[in-house]
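Q: I would like to go through this model step by step. Could we start with the terms and then turn to the details?

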Amino acid sequence: MTGTGAGTAPPAVPAVRVPRRRGTELALLVVAVLLSVYGYCDVGLARNGTVPPGAAGYGAGLGVLALLAHLAVRFRAPYADPLLLPIAVLLNGLGLVLIYRLDLETPNDEAAPAQLVWSTIGVALFTAAVLLLRDHRVLQRYAYLSVVTALILMIVPIFFPAVNGARIWIRFGGFSIQPGEFAKILLAVFFASYLAANRTALAHTGRTLGRFRRLQLPTGRVLGPLVAIWLLSVGVLVLERDLGTSLLFFGLFVILLYVATGRTGWIAVGLLLAAFGAFAVGSLEPHVHSRVQDWLHPFASIDAGEGPNQLAQSLFAFAAGGMLGTGLGLGHSILIGFAAKSDFILATAGEELGLAGLCAIFLLYALLVERGYRAGLALRDPFGRLLAVGLASIIALQVFVIAGGVTGLIPLTGMAMPFLAQGGSSVVTNWIIVALLIRVSDSARSQPVGEAVR
Amino acid sequence: MTRCIRHAAAFCALLLLALLVNATRVQVVQSDSLDHNPANRRQAIVRFGQPRGDIVVDGRAVTGSKDTGEQLRYERTYKNGPLYAPVTGFASQVYGTSFLEEAEDDILSGTDPMLAPLPLWNDVTRAQNPGGKVVTTIRAPVQQAAYAGLGGKRGAVVAVEPATGKILALVSAPSYDPERLSGTSRPVADAWTELNGRPSRPMLNRAIRQTYPPGSTFKVVTAAAALDAGVVTDPDEPTKSPSPYTLPGTSTQLTNEVDGCTNASLRTAFVWSCNTVFAKLGVDTGLSAMVDTARNFGFNDRGLRIPSPVAASTFDTSLDKAQLALSSIGQYDTRATPLQMAMVSAAVANGGSVKSPHLVERTTTADGDVVDTTGTRTLRQAMNPGTAVRLREMMTEVVEKGTGANAAIPGATVGGKTGTAQHGVDNAGTPYAWFVSWAQGADDPEPSVAVAVVVEDASADRGDISGGGSAAPIAKAVMEAALSGGGPR
């Protein structure tokens, strides 16, 4: 860790630079690519007894993408955390393997080729971001542009037809993108920027609420715009029935507010409001209400003679995997139906890789998140810290919301498993998130040792 | 701010922990109950994911498997389905299994742990064994003779090897093609509805699952009981039997179809099937001796399996004398499966010893390694060997000069007993024609086949229905097939 002895070392200590670890990153990338290729071959061997014809092309493609990204990091972010890129490549590669594997069950509806194209676009944008964005603090200037763009992106899908009950897609020329996915980065930038600029005012001014000192409310002038933006975005999402993203934005908002102000009271208020809001929406809005009912009684549709619903099928898939899984290509998670490749892709991982594989995947995400938080801890500028925490939290919350949903821990809300699930916008967005994390971790790790971190 | 970031990180760690705990709950703790949820199609997919093992008759498979490429991939096919349906039963994706398909399902579907190369091997590797084979005791020519003999008339034929209990033929008519129930398509559901709705009940296995009043064929049991109990010591000595016989305690008079039954000897009464003599004989022998003998032949046994469960044949254990008199000639509420009457005939042929009837000779792995064999097992001693010898003589006379002449086979010793069973309210139903018999080839040291035939042909003229007329020719054809090389190996 870079920020050792925080606040204790005198400034006079000579600057010793941390190791760059680019070789480690390259070695890990090789491992990540080989693992993905192995998985790809394994599917073919398990299904047909032969290595799939596209194995070489798949390996070469993933290898070239990884190398491209690595070179960009090597040139423009040499101090970046060496774990971030290999984890992203491994998750993306594994996602492609799982989608390819599910494509075998639906020969008329192949998703892997498109996903490979989107992954390429994602890596291209990652490379571009690493090359072009020299300092993350530049983003702070575009805070208001970000929030305006984010709101526009979120509002646009309202004018497009709903797909499977949610108005979150826009379609043109055979393509469909989910603008809300991009909005979450922009909102994270805005929140980080606004909170960094106003954190003193937020933390130390304003009236106390009666005798509860911890519930000291900031002045409306400072807090107002923030709450307005947040309410607006959540309102739009509710209109679009995008539950997962509303939950994500709420969590992001509360975490960043807490980190910026250090006031536990906000969390209490936030949770209280959330509980109230969740109860109201859950009991009044029919779409959400049915999701809650499914969560409480996943087998009700079986008892009613209608056969298992998606959640029940998902639970069956996880159970079938057990500890060690059925092996890639040998499960039956396609029984889940149309969302097997997107929202429910984790069920395939759970069935075919077992609890062992699932834990490995969770730990990969956890490492990604932890590395983001670590960068946040090491940075000096408040904006960078909040941005790192915000981006890492986006990943953490996404994983929790969707993984908790498909395993029956919380009510199911539509959301993409980062890198794993089919979905172009999601893959691209997550590559940009990793690019930004690379950027902030580069800044964090290139700071001379001894420079104080508060 | 650092402290808060650490708190937020801890919060994320808590979320991760919740996910891990929950995944363990689903994948480990609840996995068993979820795997066995009836709505979970995985077990069916695995079950039908490989070809089912074959059922073998005379060295040739009478079943097959068809790859449909669908989710439930392999469907069962049957060669000569209607002929072997009472043996094989059906194996349906939708309606489950029956008879051998059901009884030997673990072997055929490959789930039997005995098929694995090593104990617990499959639990470790998650491998599934190819379905094993079930080799039956059925002899194809005997089965075909029985099926052709019935010619679609309602009824059943069972042929067993007396010395071993091997079932050589098991036929029920009318039959059906079990292949119609394979698969998941619409015609399968239609076939199921149609077969269940037909009044002739083609899916009923009359040979082992239907009981009939055995009529006069039950006189074999009564004779055995009377001889064993010492009520009759010399079969040629005249009995004190009036004709007609007034049932004890009633004014009902029992008559005979033939003349000359008054005070007839046991032999004469047996050969000409005198109701009056046997009704009185049953009463003289007494309820407990009759019940004991019937039980020793296999009546009132609810646990018989071949390995499919066999419907229990019954001889009532609490009867007044009039009821006992009627029961002793196979009426009142005495009921028997065709298999049970074949066992009765086989017991006579085999010196009084009832061998456990069985349909499966051995089960093997797909490669032919033997998993299990069904050996010969004695169920009970039905009567003294001396009694068996006397009954054998009497049964032979039935064929040589009595009611069973239609079953005579030149060059072979054949014993038989006819039966015509009244049933229905006031005996209004069409009578069932019975014939039980055994045959011994000229060069054979022992009788090599015992047969029971029942014909319930509702369309026949009532006057034509008699064991000797309808059933004996079928038994003859079956015995001929068994004696001429189609018999025991």
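A: One term is needed at the outset: a residue is called buried under 20% relative accessible area, exposed over 50%, and partly exposed in between. Please keep in mind that this is a predicted model.

Q: Which residues of helix α14 of chain B are buried?
A: In α14 (residues 287-297) of chain B, the buried residues are B:Met290, B:Val291, B:Thr293, B:Ala294 and B:Phe297. They span an arc of only 165° around the axis, so they lie on the same side of α14(B).

Q: What covers the buried residues of α14(B)?
A: The cover includes the helices α11 (219-229), α13 (275-285), α15 (321-327) and α16 (338-349) of chain B, together with strand β12 (353-355) of chain B.

Q: And what comes just after α14(B)?
A: B:Gly298 follows, with a positive phi of about 120°.

Q: The loop beyond that, then. Which residue forms a salt bridge with B:Asp301?
A: The partner is B:Arg380, and the closest N and O atoms are 3.7 Å apart. This pair joins distant parts of the chain: B:Asp301 belongs to the loop between α14 and α15 of chain B, B:Arg380 to strand β15 (residues 378-381) of chain B, and 79 residues separate them.

Q: Buried or exposed, what is B:Asp301?
A: B:Asp301 counts as buried, because its relative accessibility is 19%. B:Arg380, with a relative accessible area of 24%, is partly exposed.

Q: Which residues are linked in a network of salt bridges?
A: One such network links B:Arg47, B:Arg52, B:Asp54, B:Arg76, B:Glu101 and B:Asp105.

Q: Back to β13(B). Which strand order does its sheet have?
A: The order is β2-β1-β7-β13-β14 (chain B), in an open sheet of five strands with mixed pairing. At the edges stand β2 (60-61) and β14 (370-373) of chain B; each has a single partner strand, so one side of each is left without a neighbour in the sheet.

Q: In what sense do β7 and β13 of chain B pair?
A: Strands β7 (residues 133-136) and β13 (residues 360-364) of chain B are antiparallel and pair over four bridges. Within this pairing, B:Val135 stands opposite B:Arg362.

Q: Turning to chain A, which residues make the nonpolar surface patch?
A: A:Leu26, A:Val30, A:Leu34, A:Leu67, A:Leu71 and A:Phe75 make a patch of about 570 Å². Helices α1 (22-48) and α2 (55-76) of chain A each contribute at least two of its residues. A:Leu26, found in α1 of chain A, is partly exposed at 33% relative accessibility.

Note on methods
Residues are numbered from 1 along each chain as its sequence is written. Chains are lettered from A and ligands numbered from 1 in the order in which they are written. This is a predicted model: local features need pLDDT of at least 70, side-chain atom pairs count only at pLDDT 80 or more; totals for chains, interfaces and linings use all residues. Side-chain values use heavy atoms; hydrogens and water are left out. Two strands pair if DSSP finds at least two bridges between them. Patches are made of residues with over 30% relative accessible area and no salt bridge: like charges are joined within 9 Å, nonpolar side chains (Val, Leu, Ile, Met, Phe, Trp, Tyr) within 5 Å. Accessible areas come from the Shrake-Rupley method with a 1.4 Å probe; for residues, only the protein chains shown count as cover. A salt bridge is a side-chain nitrogen of Lys or Arg within 4 Å of a carboxyl oxygen of Asp or Glu. Buried means under 20% relative accessible area, exposed over 50%, partly exposed in between (1.4 Å probe, protein chains only). The arc is that of the directions from the helix axis to the C-beta atoms. Contact means heavy atoms within 4.5 Å.
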